[in-house]
Amino acid sequence: MEALVKEDIQILKRIQANLESCILGKTDEIKLLLTAMLAGGHVLLEDVPGTGKTVLIKSLAKSIHGQFRRIQCNPDLLPTDITGVSIYHPKDEVFVFRPGPVMTHILLADEINRATTKTQSALLEAMEEGHITVDGETHQLPKPFLLLATQNPIDFEGTYTLPEAQLDRFMMKFSLGYPDEATETRMIISQSVIHPLENLQPVADVEHIAEIQQRAKHVHLDDAVASYLVAVTRQTREHASIFLGASPRATLALVQASKAYALIQERDYVIPDDIKFLAPFVLGHRIILQAEARMDGATVQSVLQSVFQQVRVPVRMEK
């Protein structure tokens, strides 16, 4: 592996160590977050309150010395509260754009499903295009730009379900979950005096992260592995238990995520195991099961396992 890539890996390890000092016992979830960041994707964190979602996101922003903004979503939130607004200055007789919180490197949309559908749609252009349009003028977002949205899977009162089109814009969806007993004990000891987040120091900068994002795109994807990945996503469209399968955008997202994850795993090539590990988090929220399958107790995870059993894994024969 090239020395430059090794330097990238060392930076990623330092970022991961920073996050693990604030969020204990969640190594896989931290790797998923870093994968989404390197792949230029966005993340939906669905979890109950108090599991450390906000701390995780703040830790990432501090670690890469990036700008961080937070939006507390509620039904009163307007699209311009996110994107910004043009204000008329009578003295100069011009409209001046005042940017909203979306103009940042890392944006936390807390309880996104409490915002109205109109306000939620204000994020679509930012998520997909990397820019926003206000009063006919286009404004580029800082790079890298990462949206991390949270929602509570338990409380449905006063919420607006995210439409499929918006769910499809999130590269990944996962949960942190509760820590085990030993980890929770370590947590209360480590945070009894001061929270580790307060003393967290940057270990990278956003410019270097943007460079690593570009290099992650060049991680090798063998033709056989690419065919395997496509076969997996296509099988979700043909499986008897699935009403709506993964879209072509999901296929591209899985490719980008697999390349980024391979780099985090200190490889410059993708293997089928990368795809198997990432598929539940990249494809799971994009799949809708048949009503009959849900009534029979099927879950997205169990159906995805069935999908992988039906797709042949590429094997290279060495002489």
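Buried in H2 are Glu29, Ile30, Lys31, Leu32, Leu33, Leu34, Thr35, Ala36, Met37, Leu38 and Ala39. Buried means under 20% relative accessible area, exposed over 50%, and partly exposed in between, with a 1.4 Å probe and protein chains only. Helices (H or I, at least four residues) and strands (E, at least two) are DSSP runs, numbered from the N terminus. The model is predicted: local features need pLDDT of at least 70, side-chain atom pairs count only at pLDDT 80 or more, and totals for chains, interfaces and linings use all residues. Residues are numbered from 1 along each chain as its sequence is written, and side-chain values use heavy atoms, leaving out hydrogens and water.

Stay with H2. Because 11 of its 13 residues are buried, H2 is largely enclosed by the rest of the structure. The helix covers residues 27-39, and at 1.5 Å a residue it should span 18 Å; its end C-alpha atoms are 18 Å apart, which agrees. That expected span is 1.5 Å times one less than the number of residues. Gly40 follows H2 and has a positive phi, near 75 degrees.

Next comes the sheet. H2 lies across E1, E8 and E9 and runs at about 165 degrees to E9. Contact means heavy atoms within 4.5 Å. Axes are lines fitted to C-alpha atoms, for helices over the stretch in contact, and angles run from 0 to 180 degrees between N-to-C directions. The sheet is open, with five strands in the order E2-E5-E8-E1-E9 and parallel pairing. E2 and strand E9 (172-174) stand at the edges with a single partner strand each, so one side of each has no neighbour in the sheet. On average, neighbouring strands of this sheet are turned by 15 degrees against each other, direction ignored. Two strands pair if DSSP finds at least two bridges between them. Strand E1 (residues 43-46) and E8 have four bridges, in the parallel sense. Leu45 has Thr150 in E8 as its bridge partner.

Now the loops. Pro144 sits between strand E7 (137-140) and strand E8 (146-151). A cis peptide bond links Lys143 to Pro144, with omega about -5 degrees. His65 is in the loop between helix H3 (53-63) and strand E2 (68-72). Its phi is positive, about 55 degrees, although His65 is not a glycine. His65 is exposed, at 55% relative accessibility. Glu111 lies in the loop between strand E5 (106-110) and helix H5 (117-121). Glu111 is not a glycine either, yet has a positive phi of about 55 degrees. At 25% relative accessibility, Glu111 is partly exposed.

Turn to the packing. A nonpolar core is a set of buried Ala, Val, Leu, Ile, Met, Phe, Trp, Tyr and Cys residues joined through side-chain atoms within 4.5 Å. The largest holds 66 residues, of which Ile15, Leu60, Met172 and Leu283 touch the most other members. Helix H11 (residues 248-264) gives the most to this core, nine residues. Another core, of 24 residues, lies apart from it; Leu44, Ala109, Leu123 and Phe145 are among its members. Not counting residues up to four places away in sequence, Leu283 touches Val232, Thr233, Ala246, Ala250, Leu254 and Leu304.

End at His208, in helix H9 (residues 206-216). His208 is buried, with a relative accessible area of 15%. Leaving aside neighbours within four places in sequence, His208 is in contact with Glu7, Asp8, Ile11 and Arg215. The side chains of His208 and Asp8 make a polar contact of 3.5 Å. Such a contact is a pair of N or O atoms within 3.5 Å; within protein, one must be able to donate a hydrogen and the other to accept it, and residues adjacent in sequence count only if both atoms are side-chain atoms.
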